[in-house]
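Dear colleague,

I am passing on a structure that I would like you to look through, together with some notes on what I found in it. Please open it first and keep it beside you while you read.

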Amino acid sequence: MSAKQLIKVTANGRTYERLVEVRMTLADFIRQELDLTGTHLGCEHGVCGACTILMNGEAVRSCLMLAVQAGGAELRTVESLAQGDELHPLQRAFQNRHALQCGFCTPGFLMTASAFLKDNPMPTREEVRDAISGNICRCTGYQPIIDAILEASSELQRKTKEPPV
Amino acid sequence: MKPAPFEYFAPLELPEALDLLERYGEEAKILAGGQSLMPLINLRLARPRVIVDINRLRNLDAISIATDGGLTIGALARQRTLERSTFIQEQNPMLAAAMPLIGHFQIRNRGTIGGSLVHADPAAELPAVSVLLGGEFVLRSKSSARLVAAADFFLGYLATACRPGELLTEVRFPRWRPDDAWAVVEIARRKGDFALVGVALRAALDDGGISQNVRIVMFGVGGKPQRMEQGEALLNGRRIDEALLRELSRVVAEELDPDSDVHASAAYRKEVGGVLVRRALQSALAKAKEPVSQ
Amino acid sequence: MEPISKTAQGYVGMPIKRREDVRFITGAATYVDDIKIPNMLHAAILRSPRAHARIRSMDTSKALQLPGVIKVFTFQDLGDLAVPVPIRMYQLAGLERHLQPLLAHDKVRYVGEPLALAIAESRYLAEDALDAIEVEYEDLPAVVDVYEALKDEVLVNDEARTNLAAVHEFTIGDVERAFREAPYTRREEFRVHRFTGNPMETRGFVAAFDRGKGELTVWGVTKLPHLNRQTIAAFLRLPERKLHFIENDVGGGFGIRGELYPEDFLIPFAAVKLRQPVKWIEDRREHLMAANHSRENRCKLEVAAREDGTILGFRAIVYGDMGAYVRTHGGLVPCSTAALLTGPYRIPNYHAKIHLVVTNKTGLGTFRAPGRYESCFYRERMLDLMAKDLGIDPVELRFKNLIRPEEIPYEVGVTRPGSGPTVLDSGDYPSALKRGLAEFGYEKLQPLQGRLQNGRYHGTGIACFVKNTGGLEPYEGARIVIGDRNDVAVYLSISVLGQGHETGMAQICADALGVPMDWITVYHGDTDTSPFGWGTFASRGTVMCGSAVHLAGQKLKQKLLGVAAEQLGDEASTLELRDGKIYRTSTEAPAVDLNEIATQVRHSGILNQGFPELEETAYFHSSQMTYSYGVHLAHVAVDAETGLMEVLKYLVVEDVGRCVNPLLVHGQTVGSAVQGIGGTMLEELIYDDNGQLLTGSLMDYLLPTSTDVPDIGSVILEEAPSPLNPLGVKGAGEGGIVGTGAALANALSHALSDFGVQVKALPLTPDRIRAWIAGRSG
């Protein structure tokens with residue numbers, strides 16, 4: 001059994017203190033210790049992107065990090081996108097464009113997209129296609145996801161106030 | 001796919017890190033960006049007894065210019081930082097151009113330049129680029145510090161001159177020669193994948209269009225980055241024309257002795273390696289003729 | 001098209017946004033790994049690292065000494081409960097000799113075969129336990145190629161005495177004569193590679209045994225919960241009603257998930273034995289070596305035709321690489337290859353012989369359009385070869401041989417073992433082809449055919465297809481219940497794996513019953529609420545269960561009108577139910593709200609006459625299949641020096657009879673086309689000569705990403721509703737994948753015609769393309 005360490009992380013604006021095995025991955029920590037099961041495991045070797053979260057504002061594959069590495073960091077998962085009942089423009093756009101079917105890859109795409117749109121708020125279609133090439137979907141064929149991200153980028157530009165992500 | 005048990009340290013200061021590395025020697029694995037190591041650990045293909053996480057070491061990611069105009073980059077500098085740095089784009093366009101070829105942006109957010117170099121996957125871009133640029137690596141241990149040339153650093157498949165107890169702390173590149181024609185290109189099954197075959201090259205062209213100081217380094221073609229010496233010899237001192245380019249393809253294909261794997265056969269890598277070098281050179285020459293743009 | 005939420009007309013046919021989306025986009029869905037129960041234990045499976053070996057010994061003692069490790073089950077622990085994984089369909093004689101044991105005991109026969117089940121307090125600890133189990137193997141040679149296997153020099157199952165597990169053969173018409181008299185014949189051997197579905201969510205179960213009641217609840221089931229429950233109940237020797245199979249949210253299936261595998265037995269078994277909940281979640285590495293593989297087969301195909309291109313006959317010899325054990329689908333995959341080989345064409349004489357061969361690889365099962373993707377490739381490639389030989393335009397050749405609408409329903413003949421004849425129910429095949437050519441701009445692209453432009457060779461290819469959907473198993477059911485206050489519940493007997501049935505079925509119910517769609521909630525996948533059903537496969541969900549919903553809705557409407565008639569003192573025939581209100585015919589204002597009636601019936605002692613429920617159950621029965629059809633068109637550009645091929649343009653035209661929700665159908669088409677393009681160009685499960693799976697992770701098994709495919713064009717036709725169900729629908733989940741191998745291979749062959757490349761084998765990888773161009777073998 002691995003040794004344990006006490007870590008303190010902030011996730012979706014809330015601070016948690018937990019004792020974790022040093023070998024526990026950040027993805028498992030989020031899902032099991034923090035009960036935030038919106039982040040999914042699709043491969044556990046950094047290829048599929050289903051486990052994508054934001055750490056200190058950057059999109060990372062949480063299956064390739066250890067929980068102990070996130071001590072002192074600010075994490076954001078898919079559960080942070082909606083503000084109460086109000087969906088984030090990305091979420092609304094995904095629904096509008098039928099950009100999900102089974103939904104398993106969706107949280108990873110939403111987090112990747114939210115990081116991408118911060119960097120590139122007015123992307124071209126090709127730039128969006130490129131930006132999501134590190135996330136795998138087996139159901140939609142990507143097209144409606146690209147449509148949704150473009151729709152969301154327009155809406156985010158229109159809004160004067162951006163929800164904090 | 002969960003990691004096997006290990007002991008974990010996250011030192012805050014370099015001496016502490018070097019101390020740990022000396023104490024545990026071969027039993028320790030260094031965790032930097034984790035984008036190469038963690039998949040192996042999750043798959044239990046790597047089962048280090050000890051992990052030394054260097055991400056908390058301060059000042060190991062600094063970028064600076066040396067007095068001789070050379071570029072110095074801390075080993076922990078994130079690939080994404082280098083990719084987006086206008087400073088790097090100015091100081092070393094080839095290094096900047098190699099970055100987007102590495103995986104996907106989520107990977108580059110965590111991946112480090114040092115990590116990629118020490119992992120030494122023969123299909124990776126940075127090892128080949130560092131050999132082409134004549135890079136030098138600072139390797140520190142508790143009791144020593146040494147400088148190893150990139151050309152001597154890569155020994156074979158996932159094997160480098162880095163000894164147990166040593167940590168790569170800094171990468172140094174000679175001053176960039178802005179008048180050189182250069183290119184770094186690769187062929188991959190999908191965008192962001194490791195290269196089936198890739199090349200980094202540069203050449204100086206004198207006023208008469210004669211090439212000098214040609215350097216060609218290929219990746220994905222063997223256990224480590226490969227200098228294509230015959231290809232270089234063919235081009236040096238000659239004016240580049242269509243016939244010479246075709247000859248170059250042939251010579252490179254002959255010189256290559258690559259491996260087969262599930263993604264491509266040795267025959268493919270040989271033939272396409274030759275084609276790729278020709279195209280890379282054509283692209284380098286075309287770029288060199290263009291006025292400098294931002 | 002803009003997705004809309006509401007409409008005054010009917011809901012069926014409208015692109016209504018999915019209501020189920022909210023929980024998925026907010027991370028509030030519940031997939032099986034999201035289920036946590038107090039005292040839950042975690043399982044991990046020891047899988048064979050050898051392809052073929054005798055098990056000399058297995059020592060689990062060190063594993064049991066690890067803290068937190070509770071138990072390690074081996075074959076001996078199953079005792080007299082041990083059964084093999086059964087075959088549920090296509091049970092050809094001989095296949096029963098190759099069933100998979102739940103855990104290996106004397107021999108392992110493929111890399112990934114389960115040997116032991118470790119149970120611990122966490123998955124981490126369970127995997128530590130696996131590391132501590134010591135197994136001594138005695139290696140045996142492995143056989144990984146069907147032709148090698150047929151030599152019977154290395155036997156996968158000694159008792160069977162041969163690797164030829166079964167043979168099936170059928171003849172339609174007079175094949176001997178057709179080939180004797182035909183002025184033109186051609187014979188080719190084609191090959192489709194091994195690949196599979198890889199849903200984003202791997203398999204998994206949580207099983208919890210209530211020792212007070214002696215009842216078992218299992219989450220993670222899907223596709224065939226009723227049938228599977230029957231089987232597991234028999235295995236555990238519990239009455240069926242003591243097993244509760246509950247489907248939660250499912251991360252895709254594509255035919256792979258939901259079939260019975262050893263784990264389906266082992267995890268419930270462990271839960272019952274340990275009397276604690278047990279969770280098992282497959283990881284991706286396991287999935288690649290344990291979940292069903294698919295598609296791998298070879299076909300020696302021969303065509304007989306007249307000089308003018310009229311096809312007279314086909315002869316096909318198919319070899320299916322079944323893997324080491326025959327799984328629940330029995331001989332389905334290779335048999336389906338032969339069954340629909342003739343596609344939408346008039347081929348009156350047809351002989352097929354199918355060999356099912358075992359090898360030391362993972363077992364074979366269905367993956368989206370099983371056998372159809374393969375057969376479409378074989379047939380459409382042969383048509384293009386034929387066209388070239390005879391100097392006929394490939395499009396003209398197809399028009400010449402397509403079955404005409406006047407001939408439909410068209411009886412192909414008996415092409416499936418133990419089944420009635422294949423009858424194409426409705427269709428206008430030439431119309432779909434015409435539409436495809438027009439939408440694609442096919443004519444305009446012809447000048448580019450085989451030409452070099454900007455350094456790349458261009459080619460366009462087409463493939464026509466039919467796809468059987470629906471039917472297969474004889475019924476599905478739906479129960480609709482009226483509740484209080486604008487509440488209608490629909491319970492489906494089928495499973496949902498992401499197709500949007502919670503929306504589509506609500507549309508059907510709303511129209512059939514006459515209530516606003518907002519009132520309706522759709523439930524699925526719970527054997528308690530829907531005790532009888534078959535499952536979700538062969539794109540039969542909308543056909544079978546949608547029809548049941550329609551029938552139940554209409555039945556319930558009649559019942560409600562009857563109750564309203566009593567209340568209002570009118571004749572039921574003068575009343576209508578629309579939008580949740582009862583109207584007297586030819587009056588504008590509603591007579592009474594449905595809610596009023598519902599409340600009074602449910603809560604009053606007067607009006608309900610002793611039966612409080614306002615519900616109806618209906619089953620839709622059909623043993624016949626419907627046939628969607630259409631055409632795939634592809635435009636590719638190939639760099640001959642590197643072998644890199646880019647798909648520039650791709651279009652699928654599919655006639656689905658009647659389209660319930662265009663948003664959902666387009667979604668299926670685009671998604672399946674991308675799966676097909678990826679499968680044709682990137683994906684392959686590769687074994688070495690020792691039976692080692694070389695593509696053991698997603699770094700080597702390459703799934704298509706957004707930059708590997710263009711935007712896919714999709715045209716939905718409704719020109720030929722099916723006469724076989726009240727809605728006229730045909731299934732729409734697989735048409736988008738059927739023609740991908742064929743269309744891309746045809747396009748590539750046209751692009752590289754200068755080099756004399758004629759594709760006969762998949763996949764289309766850069767390495768193979770270069771080899772074909774260079775005239776290299778292998």
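How many salt bridges does the rule find across the interface of chain A and chain C? Before I answer, please bear in mind that this is a predicted model, in which local features need pLDDT of at least 70 and side-chain atom pairs count only at pLDDT 80 or more, while totals for chains, interfaces and linings use all residues. Residues are numbered from 1 along each chain as its sequence is written, chains are lettered from A and ligands numbered from 1 in the order in which they are written, and side-chain values use heavy atoms, with hydrogens and water left out.

Chains A and C

The rule finds seven salt bridges across the interface of chain A and chain C, where a salt bridge is a side-chain nitrogen of Lys or Arg within 4 Å of a carboxyl oxygen of Asp or Glu. Side chains of opposite charge can pair when their charged atoms come close. You can see this with A:R31 and C:D34, which form a salt bridge in which the closest N and O atoms are 2.8 Å apart. Across this interface of chain A and chain C there are also 29 residue pairs in polar contact, with both residues at pLDDT 80 or more; a polar contact is a pair of N or O atoms within 3.5 Å, and within protein one must be able to donate a hydrogen and the other to accept it, while residues adjacent in sequence count only if both atoms are side-chain atoms.

On the side of chain A that touches chain C, the largest share, four residues, comes from helix α2 of chain A, helices here being DSSP runs of H or I with at least four residues and strands runs of E with at least two, numbered from the N terminus. That side of chain A divides into 20 nonpolar, 18 polar and 11 charged residues, where Ala, Val, Leu, Ile, Met, Phe, Trp, Tyr, Cys and Pro count as nonpolar, Asp, Glu, Lys and Arg as charged, and the others, Gly among them, as polar.

The contact, meaning heavy atoms within 4.5 Å, takes 49 residues from chain A and 55 residues from chain C. Chain A and chain C bury about 4,400 Å² between them, 55% of it on carbon and sulfur atoms, and buried area is the accessible area (1.4 Å probe) that two parts lose on being put together, summed over both. A:Q95, A:H98 and A:R138 supply 19% of the area that chain A buries against chain C, more than any other three residues.

Chains B and C

Between chain B and chain C, the contact takes 26 residues from chain B and 31 residues from chain C, and about 2,500 Å² is buried, 55% of it on carbon and sulfur atoms. The count between chain B and chain C is eight salt bridges, and one pair that forms a salt bridge is B:R44 with C:D128, whose closest N and O atoms are 2.9 Å apart. The count of residue pairs in polar contact between these chains, both at pLDDT 80 or more, is 17. Helix α12 of chain B (residues 266–289) gives seven residues, the largest share of the side of chain B that touches chain C, and by class that side has 14 nonpolar, two polar and 10 charged residues.

Within the chains

Helix α12 of chain B also packs against helix α11 of chain B (residues 242–255), at an angle of about 145° and with their axes 7 Å apart; axes are lines fitted to C-alpha atoms, for helices over the stretch in contact, and angles run from 0 to 180 degrees between N-to-C directions. The residues of this contact of α11(B) with α12(B) divide into seven nonpolar, four polar and four charged.

In chain C, the axes of helix α15 (residues 501–514) and helix α16 (residues 541–568) come within 8 Å and cross at roughly 35°.

Two peptide bonds in chain C also deserve a look. A cis peptide bond joins C:I408 and C:P409, with omega about 10°, and C:P409 lies in the loop between α12 (394–401) and β16 (410–413) of chain C. The peptide bond from C:L762 to C:P763 is cis as well, with omega near 5°.

With best wishes
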